[in-house]
Every structure is written in structure tokens, then in C-alpha cells.
Number of protein chains: 2
Amino acid sequence: MHEDGSDKRPQRGRPRSEKADRAILDAAAALLAQRGVADMSIEEVAARSGVAKTTIYRRWSSKGSLALDAFVDRFLRLQPLPDTGSLRSDLLRALRAWRRAVLEPETARSLTGLIAAAQDDPDLAAAWRQRVVEPIRGQWRTMFERAAERGEIPGDADVEVAIDVLFGPAYHRLLNGHLPITEGFVRAVVDYVVAGLGARE
Amino acid sequence: MHEDGSDKRPQRGRPRSEKADRAILDAAAALLAQRGVADMSIEEVAARSGVAKTTIYRRWSSKGSLALDAFVDRFLRLQPLPDTGSLRSDLLRALRAWRRAVLEPETARSLTGLIAAAQDDPDLAAAWRQRVVEPIRGQWRTMFERAAERGEIPGDADVEVAIDVLFGPAYHRLLNGHLPITEGFVRAVVDYVVAGLGARE
DNA sequence: CCGCTACGCAACGTAGCGTACCGATTTCGA
DNA sequence: TCGAAATCGGTACGCTACGTTGCGTAGCGG
């Protein structure tokens with residue numbers, strides 16, 4: 001739980017209800033998956049969770065930060081850190097796991113909705129980078145660093161670009177919807193990355 | 001001008017004011033560039049263009065389709081179709097032109113705002129693909145087809161994936177904002193595409 | 001038991017949406 | 001020349017959701 005404020009709860013007075021926290025996040029996650037960020041309203045989250053609107057606003061300052069909190073844990077859990085001993089296999093596993101996640105319409109709707117919302121909300125964009133983008137990229141970075149240690153790829157390779165080449169095309173198809181994200185697409189993209197890094201396999 | 005309805009204007013009655021069309025589109029483009037789609041309102045477009053709100057709704061059914069119309073022509077004009085005789089040079093020129101365009105904050109805001117809006121509006125998403133994605137991809141496709149004709153790349157290469165690998169990473173950085181889109185990034189991505197296609201240069 | 005804080009609830013002001021009218025204007029066709 | 005048609009600017013409306021405020025109640029610590 002990150003909410004907005006700091007974590008230092010004053011010890012005086014009635015404590016915040018943990019049950020309310022969970023009810024709000026569950027309702028928010030459900031609505032987020034059903035309709036996306038834009039078409040979900042705080043009032044609806046309140047109604048569905050059986051919690052007063054004021055109770056939500058006491059915890060989250062905006063719809064975006066609530067939606068992010070409702071999404072982050074579930075999504076990050078779906079992104080493994082493969083360690084097969086081969087760069088190509090690692091990349092395949094990572095991208096396939098991502099594909100499997102976004103093949104669920106609910107996950108896809110939540111993901112695209114949050115990226116969309118972040119475009120018009122600098123605070124949400126910063127939280128998005130810090131809580132989602134950086135953690136996931138950190139994992140992916142590890143795959144390339146391990147490959148470098150094994151001598152599969154040059155030690156001075158630009159890992160950031162490699163990550164963008166690996167996942168950028170997938171996000172591109174997800175957001176533009178011009179073509180489906182197929183298994184063949186996954187393999188083809190991984191081939192580009194492996195070839196571009198001059199990996200010796 | 002695409003607006004929403006068909007182009008067959010009835011010959012009877014007062015014709016639509018061309019001046020109003022331009023005033024609306026200019027005002028919409030300015031607001032779109034300043035604040036993005038989400039934070040621009042039809043009421044503001046009306047005030048700024050000196051046109052009644054009803055006059056706007058007579059032409060466009062939603063904020064999204066108006067914003068798209070206000071954006072499309074200007075943006076497509078910035079995307080050239082290079083023909084240098086070499087695939088690598090063509091790709092560099094195309095991606096550099098795109099980079100130069102989105103380096104303008106106004107263009108970037110309009111572009112990301114529209115992609116964001118399309119995530120929660122199926123009609124806008126369809127129009128986006130038809131009026132922006134497909135035309136641009138058509139141009140880019142040509143670059144690869146010419147390279148295939150020149151024998152630079154295999155004739156059976158999957159051009160769609162190549163396009164996604166070329167522009168996906170760039171859109172990824174633009175939308176996530178985790179890293180800047182530098183000239184070095186452009187060159188590195190082009191290298192991935194050229195290497196992945198096994199191009200003989 | 002007192003002080004503090006969270007709770008549910010209801011009400012409020014604000015904003016923007018999209019629609020419905022209005023009288024006035026401009027054009028075409030009979 | 002006149003009427004039908006479709007536009008124009010303007011105003012008003014109902015609607016939804018926002019985010020806030022105030023109130024009385026509930027729960028916890030000193």
C-alpha cells in the first residue's frame with residue numbers, strides 16, 4: 001500500500017480500517033479491469049466497496065493514484081525474472097510472460113488505461129515510472145547483465161536500448177492495436193534483440 | 001477535413017461556414033498543443049474560436065474526433081518518405097524526422113494525448129488507426145519494400161515486425177518517459193533493425 | 001473518561017458534457 | 001419574389017462526476 005501521504009500514522013485516535021483499504025482496492029481493481037481508468041468513477045468505487053467517498057479521498061488524492069495502487073502488485077507478480085542460463089531463453093520467457101498477462105483483456109485494459117491516464121497527469125506519470133517502469137526494467141536489466149557476465153554479449157552493450165527494443169514493439173502493438181501480439185511476434189522481436197547485440201549463442 | 005458525417009452536403013439551405021471550420025480547427029490545435037486532449041474542453045474551443053458550441057457539435061461528435069482532425073494533417077506532414085538508396089539511411093532519416101517532431105513539446109503533447117484518449121474510446125481508436133497509423137506505416141513499409149527490391153534484405157522478411165522494432169522503442173520512451181529520445185538512441189535502434197534483418201550493406 | 005482521529009452520510013459548488021430551443025441569416029428552388 | 005431548408009450565435013437545461021465541507025457517531029490511547 002502506498003497511498004499518497006507518508007506512512008507515519010499518528011498513534012492517536014481511531015486507526016484507519018484495514019478492511020476499508022482492502023475493500024476499496026478490490027473494488028477499484030475490479031472496476032479498473034472492467035472499464036479502464038477513464039470510465040471508472042470514485043463514486044462507483046465507493047458504492048461498490050461499501051465505503052463512503054470521503055474515506056477514499058482521505059487515502060488517495062486522485063483517481064489515478066488509486067488505480068495505480070489497485071494495479072501494481074497484481075501486475076508485477078506476473079512479470080518473472082527468468083534465469084535459464086541463456087539470453088535468448090530468458091528474453092523469450094520474459095516477453096512471453098508479458099504477452100500472457102496482456103492477453104487477459106482485464107490486465108490489458110488496466111495497463112493501457114493507466115498509461116493513458118499518466119499522459120495527462122504528471123504526478124501519476126512519476127509514480128508510474130517509479131512503481132512500475134523502474135522495478136520491471138530492473139528485472140529485465142538483470143537478464144542482460146547476467147548474459148554479459150557469461151560473455152554472451154559485449155560488456156559495454158547499452159542495456160537500456162536493448163530493453164526498449166525488446167518491450168517497445170510489444171507496447172506499441174498493445175497501445176495502437178494495429179496488429180495482434182502473437183507468439184511469432186514474440187520470437188521475431190527476441191531475434192532482433194539477440195542479433196542486434198551480436199550475441200554468440 | 002473528415003469530420004464525422006458523410007461529405008454529401010444537401011444543396012439547400014445555408015452552407016456551412018468554411019471560416020468557422022478553420023477557426024475551430026485552429027483553436028482546437030492550439031489548445032491540444034497547450035494542454036493535451038484531456039485538459040481541453042469543447043467549451044474552450046468555442047470561446048477561443050468565436051464560434052457557438054452548437055456549431056462545433058454540428059460538425060464533430062466528440063472531443064476526440066475534433067482533436068484528431070486538428071492534429072492529423074500537421075503531423076503527417078512531418079513524416080517524410082526517405083529514398084536514399086540505402087535502407088540504413090532511409091531508416092535513420094525516417095526515425096530522425098519522427099524524433100525531431102516529438103522533440104517539440106506541443107507535438108509530443110498532442111500525440112501522446114491522442115494515443116491516451118484512444119485507449120478509452122473505441123471510435124477514436126479506429127479513426128486513429130485508419131487516419132494516422134496506417135498511412136504512416138504505409139510509408140515506412142515502402143522503405144523496406146524498396147530495400148527488398150534492391151536485394152538488401154530478404155524478400156520474405158516480416159516488414160510489419162521490422163516497423164514495430166523501429167518505432168516501438170521510440171513510442172515506448174515517449175509514452176513512459178523513462179529515458180530521453182536521443183540521437184544516439186535513434187542510431188542504436190536503427191542498428192538493431194538493420195542487423196535483425198540481416199541486411200547486407 | 002477525554003481527546004483524537006476515522007467513519008458514514010448528506011449536501012454543496014464547480015465543471016464540462018451533450019441537447020434543445022430560439023430568432024436571425026443565407027442559400028436554393030418553385 | 002417568396003418559402004423551404006439548413007446554417008448561425010446564443011442561452012438554457014439536465015446530467016454526471018468531481019472534490020470539499022460539516023455533522024453526528026464510532027473506536028482507540030492516555
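Colleague: In what order do the elements of chain A run from the N terminus on?

Modeller: They go α-α-α-α-α-α-α-α-α. Keep in mind that this is a predicted model.

Colleague: OK, and how many helices and strands does the secondary structure of chain A come to?

Modeller: Nine helices and zero strands.

Colleague: What box do the C-alpha atoms of chain A fill?

Modeller: Roughly 60 × 40 × 25 Å, if you take it along the principal axes.

Colleague: And what percentage of chain A is buried?

Modeller: Chain A has 201 residues, and 41% of them are buried. On the contact side, take the pairs in chain A that sit at least 6 apart in sequence: 66% of those contacts join residues at least 24 apart.

Colleague: Now α9 of chain B. How far does that helix reach?

Modeller: α9(B) covers residues 183-196, so to speak 14 residues, and spans 20 Å from its first C-alpha to its last. That is close to the 20 Å expected at 1.5 Å a residue.

Colleague: Which of its residues are buried?

Modeller: In α9(B), the buried ones are F185(B), V186(B), V189(B), V190(B), Y192(B), V193(B), V194(B) and G196(B).

Colleague: What do those buried residues of α9(B) pack against?

Modeller: Helices from both chains: α8 and α9 of chain A, together with α5 (87-103) and α8 (159-176) of chain B.

Colleague: What about the backbone just after α9(B)?

Modeller: G198(B) is there, with a positive phi of about 60°.

Colleague: Last topic, the DNA. Which residues come nearest to DNA strand D?

Modeller: There are 26 residues around DNA strand D, and the nearest are R14(A), S41(A), G13(B), A52(B) and T55(B).

Colleague: Which helices supply at least two residues each of the surface near DNA strand D?

Modeller: α2 (42-49) and α3 (53-59) of chain A, plus α3 (53-57) of chain B.

Colleague: And by class, what does that surface have?

Modeller: Near DNA strand D it has seven nonpolar, nine polar and ten charged residues.

Definitions and conventions
Residues numbered from 1 in each chain as written. Chains lettered and ligands numbered in written order. Predicted model: local features only at pLDDT ≥ 70, side-chain atom pairs only at ≥ 80, totals over all residues. Near = placed C-beta within 6 Å. Helix = DSSP H or I, 4+ residues; strand = E, 2+ residues; numbered from the N terminus. Nonpolar A, V, L, I, M, F, W, Y, C, P; charged D, E, K, R; others polar. Expected span 1.5 Å × (residues − 1). Buried ≥ 20, exposed ≤ 12 C-beta atoms within 10 Å, placed from the backbone. Contact = placed C-beta atoms within 7 Å.
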